[in-house]
Every structure is written in C-alpha cells, then in structure tokens.
Amino acid sequence: MCGILGIINVENCNPIDQSLLVMMASSMTHRGPDGSGVWVQADGQCGLAHRRLAIVDLSEAGHQPMSTPDERVWLTFNGEIYNYTTLRKDMVARGYSFRSNSDTEVILYLYQEYGELFYEYLDGDFGLGLWDCEKRRLILIRDRAGVKPVYYTYVDGRLIFASEIKAILRYPSIDKSIDLTSFYHYLTFLVVPPPQTLVKGVYKLESASMMTLEPQKGYRPHFVKYWLPIPKVQAHRSFEEFDDELEFLFASSVKKRLMSDVPVGVLFSGGVDSTLNLCSFSKLISPEKVKTFTIGMDNAGSFHDDSTIAREMALRLCSDHHEMRINEADLLAAAEKLALLQDEPVSDPVSVPLYFVTKFAKERGVTVLQAGEGADELFCGYDNYRRFLRHHSFLWQPLSKLPCWLSHIGANILSYSNSPKSRKISDVLVRRAKGQKLFMSSAVAYYEMEKQRILAPELRHAIENLDSFNVVAPYYTKIQNECPNASFLQQLTFIELQLRLPELLLMRADKMAMANSVEVRVPFLDRDLMDFSMRVPDSYKLRNGVAKEPIKKLATKYVSKEDIYRPKTGFGVPIQQWFKGELGDALLDLLAEDFLDSASIFDRRQLEYQLKYGLRTVNEAFQLWVVYNFLVWQKELSCS
C-alpha cells in the first residue's frame with residue numbers, strides 16, 4: 001500500500017517541475033515510508049510520483065513509478081492484486097518477461113495486452129494512475145469496493161490526482177474554499193458523498209469507477225462505472241449449497257490476503273466477523289499463532305467495552321493477543337492530528353480507536369491487519385437493518401396509501417417537538433409528502449429539519465433549497481432501472497455499498513491505518529464474496545429471522561453457538577460520556593475561535609443549548625461529533 005500522485009498538462013502549460021511533485025508527495029510520507037520515486041516525461045506533459053510502503057517484493061525491483069521495458073507506459077499504483085501470481089503466469093505464457101516479483105509489473109503488461117479493459121482481470125484493492133506516453137492517455141481506477149481512495153482536481157490547465165487531498169492542497173495556486181453544498185450533505189452522511197469533497201473543486205473517484213483522459217476527446221474526463229451491486233438471485237439453489245459455497249469463498253479470501261512479505265495480524269473485537277477471520281487465518285498458518293490486536297476504553301460509562309470479550313476469546317482461540325487502552329485525554333491530544341490525517345472529516349467515532357490500535361500494531365512490528373468491514377452490509381448484520389425492514393412494512397407502506405397532504409400536516413405538527421424520535425418521524429412524513437423514497441442508513445447524523453436548527457441564519461437562507469435526499473435519489477433510479485423487482489433490503493444494500501461503505505467505513509480504515517503506515521485488508525469484501533452476496537436471497541441472509549445468519553452459522557464450525565449468537569455490541573467510542581466533559585469544552589472553544597468564521601456556518605447558541613441540555617441519546621452526541629470533526633478539520637485547513 002502506498003501513496004500515488006500525478007500531474008498532467010491538459011492545456012498548453014509550462015513543463016511539469018519534478019521538485020513540485022517531490023514537495024507534494026512528501027505530504028504522504030506516512031503512506032509510504034519505505035521509499036519514494038518521481039518520473040517526468042521528457043516533454044514535461046506528465047509527471048508521476050510515488051511513496052512506497054513495501055508489502056510484496058521488498059526489493060528495489062518493486063520501485064515506482066514503474067514502466068514497461070520500452071518506457072511507453074508508466075504506472076503509480078496503491079494497493080494489492082491478490083491474483084497477480086496467476087496473472088503473471090499467464091503473461092509469461094504470452095511472452096512477457098518480468099524484472100520483479102511485484103504485482104505492479106503485472107498491471108503494466110495487462111494494459112499492454114488488453115488495453116483499457118485490463119482492470120477486468122484485477123482481483124484486489126487498488127487506486128492507480130496509468131499514463132500511456134504514445135496515446136497521451138491517463139487512466140485512473142478505484143477498486144470495486146472502494147478500499148483505496150483516488151482524489152483529483154483541475155487547476156492551471158492541469159489535472160492533478162493523488163491518494164490524499166492534502167497532497168493536492170500543496171499545489172501552490174489551489175483554492176481551499178469549503179464547498180457549502182458538500183458541507184450540507186456531510187451533516188447528514190458523516191462524510192461528503194462522491195464525487196464531491198469538502199474542498200471546492202476537489203473530487204473523489206467513486207468506487208468501481210474508471211476515469212480516462214485522452215486528446216481525442218479533448219481531455220474531457222470520461223467515466224465508467226464498471227461494477228454495480230445488482231441482485232441476481234439464484235432461487236433454484238438450496239441454503240445448504242449456499243452455505244458450502246460461502247465457506248469455500250471465505251477461506252479462499254482469507255488465504256489470498258495472507259499474501260505478504262511482512263507480518264500480518266487481525267483487528268480483533270471478539271465479535272462474529274473478527275472471530276471467523278481469526279479462525280480461518282489460524283487454520284492456514286497453524287501451528288504459528290495469529291497476532292491479534294484490540295483496544296479498550298477507560299471511562300466508557302454505559303458504553304460497551306469489547307476488550308474483555310476480545311481478551312477471553314483470544315485466550316480460547318490461542319492467538320498472540322495484544323491490548324491497549326485509551327481515554328478522553330488521548331482523544332483530545334490526538335484530535336487535530338486525526339483531522340489532518342482524515343483529509344476531509346470522516347466523522348465516525350470509530351476512527352479514534354482505529355488510529356490508536358493500528359499505531360499499537362505497527363509499534364509491535366505488524367504492517368498488515370485483517371478487518372471485518374463489509375460483512376454487515378453484505379449479509380444484513382446490523383440490528384438497524386431489521387428495524388428498517390419493520391419500518392418499511394408497518395409504517396412506510398401503510399403511509400404510502402394515504403394522501404400526501406396528511407403527511408404534510410403530520411410533519412408540521414411534529415416539527416414543534418423537541419423529542420429526537422418525533423423529529424425523525426417528522427422527517428419520514430416530509431419525505432412522504434414530497435413523494436420521496438424511504439431512505440434509511442446505519443449512518444445518518446442530522447435529518448433535514450435537524451440541520452436547519454444548527455445552521456447560521458444566513459447559511460440556512462443560502463442553501464434553503466438543498467435536500468440531501470437528492471444525493472441518494474439517483475441510486476434508487478438506477479436500481480429501479482436495473483432490477484425493477486428489487487426488495488427494500490436489496491435497495492438498501494445497493495446504496496450502502498456505494499455510499500456508506502466506501503466513503504465512510506473504508507475511508508476511516510484506510511486513513512487511520514495508513515497514518516501509521518499500516519495496510520488494512522478486508523476479506524469480506526473479496527470480489528467473489530461480493531458477487532456471492534448478490535446471488536443469495538434475503539431469506540438466506542435472514543434465515544430463521546437471525547441477522548447475518550450465514551456468517552454466524554459458518555463461525556460455529558470453530559466456536560460455540562453461545563459465543564456467536566450473543567447480542568451484537570460493535571466497536572465504538574463513548575462520546576456521549578465524553579461530550580459531558582472535556583470534549584464538550586473543546587467544542588465550545590472551537591466555536592469561539594474567530595478565525596474559523598464558524599459563526600457564518602453554525603448557530604452557536606443552538607449548539608451550546610444542545611451541549612447543556614441535550615445529549616439525551618447517543619445519536620445527539622453523534623451529531624455533535626460531526627460538528628466537532630468539521631471544526632477541527634476547518635482549523636487545520638486554515639492553518640495549512
């Protein structure tokens with residue numbers, strides 16, 4: 001895993017300066033502490049840079065940017081291609097000679113053999129920039145799950161791309177203005193939906209997407225969405241057949257992700273996903289012990305601390321277990337650093353323990369960690385999902401049979417309530433009155449009416465016509481066109497796999513782990529497993545009314561049912577407790593800092609009131625965390 005950077009002159013510009021590339025790439029040293037490289041085309045039209053975190057082929061032969069032997073094609077690549085040894089054998093049979101043992105070189109020859117369709121052969125996690133000197137063509141690609149990020153912008157007649165926004169922001173004439181539309185949507189989704197970012201004019205490539213630039217098209221970007229999570233259910237197969245296939249696919253996925261020339265460990269909570277991950281891993285490397293890492297919270301209050309369960313499970317499963325603990329003071333001490341490392345706010349509190357546990361693992365010599373992201377999205381693992389299904393059946397569908405004007409009246413009545421539950425119901429009624437779909441996600445901070453309460457009056461007026469449902473509306477249209485009979489759960493999964501999973505969950509893992517020069521691998525998001533999850537019916541995922549039943553049943557092959565079927569707790573941070581202490585004071589201090597100009601964005605009095613009299617629910621603390629993260633990020637942006 002690495003950091004990539006590139007600059008391409010798409011208009012008549014001065015030749016690209018190598019020192020500019022070096023300076024911009026140096027902001028990503030944490031992504032690649034093991035080496036760096038720069039290449040500039042002879043005529044100065046294209047320049048590529050790379051920061052290397054050596055995982056496979058630690059020799060200098062894996063140095064990047066890398067080219068074909070004739071130097072016609074150049075590549076800067078971040079990621080892992082898990083099927084590269086198979087692809088390499090095929091390329092050798094086709095007459096290609098290799099100079100390294102790296103997956104990077106395989107990509108170059110795939111492009112030579114198959115042209116811009118080379119991505120179809122890649123099984124892995126990646127973000128890459130490829131430049132064809134002869135065709136003057138740039139190709140940017142992001143993997144199908146969105147494990148690795150790619151950002152880009154246009155400035156001074158140039159396209160600039162990188163693994164991190166902070167590298168782009170080092171370009172001398174870049175505009176660092178905040179995109180207020182993106183900010184408005186951030187308040188709902190905890191992260192800015194693609195392709196926008198919080199920085200005006202800076203964009204992110206969507207998951208499973210390719211962008212090409214070439215002179216024949218006037219260097220206008222051409223985008224291809226090369227994979228969509230469309231359900232293609234195989235109704236004729238039995239659940240037992242699906243169980244057997246799931247077991248085979250997961251074991252294969254874990255085996256692929258052991259590919260490494262450096263130590264590999266497991267992020268371990270003692271929950272279903274990490275337990276199955278650990279057991280599959282252990283089976284493959286026995287009698288060697290798997291290194292497991294977990295984190296505990298001091299002063300967690302009513303919040304559940306997984307570390308005790310993790311410790312007990314690790315002991316029973318005989319892993320080489322490592323545990324650390326953090327508290328509110330650790331968070332506050334690291335807050336500004338974390339905001340800078342996130343590029344733009346990724347306001348999931350789990351980012352905090354992820355940063356500390358990956359730092360902990362790195363200090364103990366582990367560079368690669370396996371994690372459980374994706375299992376809940378693919379196999380209906382969240383309790384929220386089952387609640388959403390009930391809401392859809394017993395609230396939304398009956399409501400849809402009533403006149404829209406009744407929903408409008410109900411929404412107006414409930415809008416005067418200060419009850420969080422009433423506000424959510426009001427939001428649902430407003431959507432019904434507007435003829436919108438029932439959108440629910442496991443990560444929504446502020447609903448539309450709730451956002452209006454905390455925004456400064458001037459900003460509220462400037463963006464009064466915005467509605468964050470417009471972000472997800474195209475997803476509903478797409479799945480309706482592709483799969484008219486899709487169930488509510490299939491629609492929800494379709495959206496979660498393109499919005500919440502890649503932009504929130506996977507970016508928190510990538511940004512926090514790579515801040516510590518650690519690569520996170522996600523076995524549940526294997527290419528074949530994702531396709532499998534699209535082929536099984538909803539009734540299989542919720543067999544016997546149990547969330548994520550196929551994964552749980554598979555895990556019972558290794559541990560007891562009591563360990564697997566206990567209530568889900570999750571991996572989190574006690575922010576409701578913390579906002580009642582120093583974290584709340586820190587938020588007030590940020591709101592008072594004049595240079596942030598927060599008064600033009602937030603209604604300070606409303607946020608102070610919420611801090612003093614609110615925090616009745618975890619969600620209300622969650623909302624303040626979204627505000628806090630934005631303000632810390634804004635402060636870092638203004639100082640950079």
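These exercises work through the fold, the cores and selected residues of a predicted model.

Local features need pLDDT of at least 70 and side-chain atom pairs count only at pLDDT 80 or more, while totals for chains, interfaces and linings use all residues. Residues are numbered from 1 along each chain as its sequence is written, and side-chain values use heavy atoms, with hydrogens and water left out.

**Exercise 1. Overall fold**

Solution: 
- Step 1. The C-alpha trace spans about 70 × 60 × 50 Å along its principal axes.
- Step 2. Look at sequence separation. Of the contacts between residues at least 6 apart in sequence, 73% join residues at least 24 apart. Contact means heavy atoms within 4.5 Å.

**Exercise 2. Surface and charge**

Task: State how much of the protein chain is buried, and characterise its surface and charges.

Solution: 
- Step 1. Buried residues make up 62% of the 640 residues. Buried means under 20% relative accessible area, exposed over 50%, and partly exposed in between (1.4 Å probe, protein chains only).
- Step 2. The accessible surface is about 24500 Å², and 51% of it belongs to carbon and sulfur atoms. The areas come from the Shrake-Rupley method with a 1.4 Å probe; for residues, only the protein chains shown count as cover.
- Step 3. There are 74 positive and 80 negative charges, and their mean positions are 4 Å apart. Lys and Arg count as positive, Asp and Glu as negative; His and the chain ends are not counted. Each charge is placed at NZ of Lys, CZ of Arg, CG of Asp or CD of Glu.

**Exercise 3. The nonpolar cores**

Task: Find the residues with the most contacts inside the largest nonpolar core, then trace the surroundings of Phe 183.

Solution: 
- Step 1. A nonpolar core is a set of buried Ala, Val, Leu, Ile, Met, Phe, Trp, Tyr and Cys residues joined through side-chain atoms within 4.5 Å.
- Step 2. The largest core has 189 residues, and Phe 183 and Phe 579 have the most contacts inside it.
- Step 3. Helix 27 (residues 618–639) gives the most to this core, with 12 residues.
- Step 4. Set aside neighbours of Phe 183 within four places in sequence. Its contacts are then Ile 178, Leu 198, Leu 455, Leu 459, Ile 601, Phe 602 and Phe 630.
- Step 5. Another core, of 19 residues, lies apart from the largest one; among its members are Trp 39, Leu 159, Phe 161 and Met 211.

**Exercise 4. Backbone geometry**

Task: Locate two cis peptide bonds and two non-glycine residues with positive phi.

Solution: 
- Step 1. The bond from Gln 64 to Pro 65 is cis, with omega near -5°. Pro 65 lies in the loop between strand 3 (46–52) and strand 4 (66–67).
- Step 2. The bond joining Ser 286 and Pro 287 is cis, with omega about 10°. Pro 287 sits in the loop between helix 7 (272–285) and strand 14 (291–297).
- Step 3. Asp 343 has a positive phi of about 75°. Its loop runs between helix 9 (328–341) and helix 10 (351–363). Asp 343 is buried, at 4% relative accessibility.
- Step 4. Asn 544 has a positive phi of about 60°. Its loop runs between helix 21 (538–541) and helix 22 (549–555). Asn 544 is exposed, at 70% relative accessibility.

**Exercise 5. Two residues in context**

Solution: 
- Step 1. Beyond four places in sequence, Asn 418 contacts Arg 423, Arg 453 and Arg 616.
- Step 2. Not counting residues up to four places away, Leu 591 touches Ser 598, Phe 602, Arg 604, Leu 607 and Leu 631.

Terms used
Helices (H or I, at least four residues) and strands (E, at least two) are DSSP runs, numbered from the N terminus.
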